Amino acid sequence: MEIWHPFTQHGLNEPIIEIETSNDEFLITKSGEKIIDGISSWWVNTLGHKHPYIADAIKKEAEKLHQIIFAGFTHKPALDVAERLGKFLPDNFSHVFFSDSGSTSVEVALKMAVGYHYNKGENRPIVVAMEHSYHGDTFGGMSSGARSVFNEPYTKMLFEVERIPYPAPGKEKETIKHYKNLLEAKGDKIGAIILEPLVLGSGGMFFYPPYIIDELYKLSKEHGVIFALDEVMTGFGRTGTMFAFNQTNIIPDIICLSKGLTGGSIPLAATVCTKEIYNAYLSKDKAKMFFHSSSYTANPIACAAACANLEIWQEKDVLADVKRINEFYQTQIERFKNLGCKNVRILGDIFAYEVAHAGNDYVSNTGVKLYEYYRKNGVLLRPLGNTVYVMPPYCIKEESLNKIFDVMEKGIKEVL
Ligand SMILES: *Cc1c(COP(=O)(O)O)cnc(C)c1O
């Protein structure tokens with residue numbers, strides 16, 4: 001049997017590279033080549049590969065407890081995650097619901113929000129999402145995400161959502177106005193709005209300012225709409241604060257966490273909600289409970305990894321590393337503008353730009369050619385169409401950053 005890889009067109013014979021081990025910002029191939037992981041292995045790895053403290057926690061827990069049923073039972077690693085996560089979040093957040101991936105954390109958030117209204121006797125089946133957004137590859141995630149070549153065969157099976165435009169620079173007012181009109185027209189049927197805060201990741205690394213979130217939140221509350229933030233990518237430091245919503249003046253009703261929750265070691269997800277939402281399910285009536293579970297919910301080994309990660313966040317100034325990387329980025333903006341790159345932009349650990357070339361879609365060849373060039377030069381970057389971005393683990397050394405940026409410059413000169 002062979003393996004069918006994700007987001008891979010096997011018909012193009014794209015090479016599949018076997019990685020034998022990894023440490024810090026490096027992936028080491030079977031033949032001993034060192035590749036700099038410039039995208040944190042699809043954004044999951046925050047603290048560096050195979051962090052010894054997390055590896056140790058996993059080892060210890062693996063000798064104590066594997067999966068146990070989580071309905072009617074609990075365990076220390078899960079209790080510890082709840083307690084530690086609580087220390088990083090405002091008191092309004094009262095409950096955490098565990099699942100196993102970013103997509104499932106979004107499904108849980110959507111179900112939680114719509115069920116909240118249902119249990120209160122309201123019928124609010126409409127979800128609002130932002131243009132260009134990405135919320136995962138399950139059906140709820142695809143439905144709320146942007147429609148594109150990614151999900152075209154399934155279009156008819158996806159539920160309709162209302163969309164607000166991306167607040168592009170200079171067009172922020174239109175987004176607010178659109179949402180206001182939408183709420184006035186059918187606010188009493190809208191159950192939730194779900195947003196990727198500050199950065200639309202997979203959609204093309206589009207940034208928008210925190211005050212937009214404040215304004216959308218304010219409008220949501222005027223109409224009783226649950227405000228959910230998908231922090232699957234932005235959580236754990238990517239935007240320069242622990243969570244992206246820390247840069248706003250609001251506290252959302254729900255946040256989805258996954259990628260950085262275990263530092264990039266093992267799958268786990270958390271959907272965190274307020275007491276208000278939890279209370280809508282609290283009853284003597286079984287029909288009002290939250291009907292959701294995954295078999296591996298709150299896996300003890302994954303929870304132990306999350307605990308170790310949260311301990312590191314408690315004890316070490318992790319954001320100092322993000323700041324260091326951001327300061328390095330600041331020194332590179334002019335350089336890439338001078339190379340003819342468009343929209344050179346930075347936020348926290350993210351550096352992004354468009355190469356002035358070819359079409360703007362994911363399947364365009366520009367990104368593929370650049371990807372191959374970078375890889376042959378020892379750097380892993382996966383452009384989104386003609387958008388090139390860097391998002392390394394926070395432990396990355398200056399030498400490696402320099403190498404990434406030199407290879408990107410050469411890529412522009414030699415490939416395009
Ligand atoms: C990656 C991502 C998801 C999906 O997470 P998976 O773990 O791949 O299911 C959802 N939302 C956002 C914003 C993401 O970046």
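A residue is taken to be near a molecule or strand if one of its heavy atoms lies within 4 Å of it. In this predicted model, the ligand is surrounded on that basis by Trp43, Ser101, Gly102, Ser103, Tyr134, His135, Gly136, Glu196, Asp230, Val232, Met233 and Lys259. By class, this shell holds four nonpolar, five polar and three charged residues, where Ala, Val, Leu, Ile, Met, Phe, Trp, Tyr, Cys and Pro count as nonpolar, Asp, Glu, Lys and Arg as charged, and the others, Gly among them, as polar.

Residues are numbered from 1 along each chain as its sequence is written. Local features need pLDDT of at least 70 and side-chain atom pairs count only at pLDDT 80 or more, while totals for chains, interfaces and linings use all residues; side-chain values use heavy atoms, with hydrogens and water left out.

Polar contacts come next; the term stands for a pair of N or O atoms within 3.5 Å, and within protein one must be able to donate a hydrogen and the other to accept it, with residues adjacent in sequence counting only if both atoms are side-chain atoms. An oxygen atom of the ligand has a polar side-chain atom of serine 103 at 2.5 Å. For glycine 102, a backbone N or O atom lies 2.8 Å from an oxygen atom of the ligand. Aspartate 230 places an N or O atom of its side chain 2.7 Å from a nitrogen atom of the ligand. On its own the ligand has 380 Å² of accessible area, and the protein covers 83% of this; such areas come from the Shrake-Rupley method with a 1.4 Å probe, and for residues only the protein chains shown count as cover.

Two helices can be followed in detail, with helices (H or I, at least four residues) and strands (E, at least two) taken as DSSP runs numbered from the N terminus. Helix H7 (residues 210-222) has 13 residues, and its first and last C-alpha atoms are 19 Å apart, close to the expected 18 Å; the expected span is 1.5 Å times one less than the number of residues. Within H7, the buried residues are Ile212, Ile213, Asp214, Leu216, Tyr217, Leu219 and Ser220, where buried means under 20% relative accessible area, exposed over 50% and partly exposed in between (1.4 Å probe, protein chains only). These buried residues pack against strands E5 (126-130), E6 (162-164), E7 (190-195) and E10 (226-230), and against helix H6 (172-186), with contact meaning heavy atoms within 4.5 Å. Glycine 224, which follows H7, has a positive phi near 65 degrees.

Helix H12 (residues 365-376) has 12 residues, which should span 16 Å, and its end C-alpha atoms are 17 Å apart, in agreement. Its buried residues are Thr366, Gly367, Leu370, Tyr373, Tyr374 and Arg375. Their cover includes strands E14 (350-354), E15 (379-380) and E16 (387-390), together with helix H13 (398-415). Just after H12, glycine 378 adopts a positive phi of about 80 degrees.

Threonine 262, in the loop between strand E11 (254-257) and strand E12 (269-274), is buried with a relative accessible area of 1%. A polar atom of the threonine 262 side chain lies 2.7 Å from the backbone oxygen of isoleucine 266. Not counting residues up to four places away in sequence, threonine 262 touches Ile54, Leu268, Ala302, Ala305, Ala306 and Asn309.

Serine 40 belongs to helix H1 (residues 40-43) and counts as buried at 0% relative accessibility. A polar atom of the serine 40 side chain is 3.3 Å from the backbone oxygen of proline 392. With residues up to four places away in sequence left out, serine 40 touches Asn45, Arg238, Met391, Pro392 and Pro393.

Phenylalanine 93, in strand E4 (residues 93-99), is buried as well, at 10% relative accessibility. Although phenylalanine 93 and lysine 275 are 182 residues apart in sequence, their C-alpha atoms are 6.5 Å apart in space. Beyond its neighbours within four places in sequence, phenylalanine 93 has contacts that include Phe245, Ile251, Pro252, Val272 and Cys273.

Finally, the backbone: most residues other than glycine have a negative phi. Asparagine 13, in the segment before strand E1 (19-23), has a positive phi near 55 degrees and is exposed at 65% relative accessibility. Lysine 50, in the loop between H1 and helix H2 (52-62), likewise has a positive phi near 55 degrees and is exposed at 52%.
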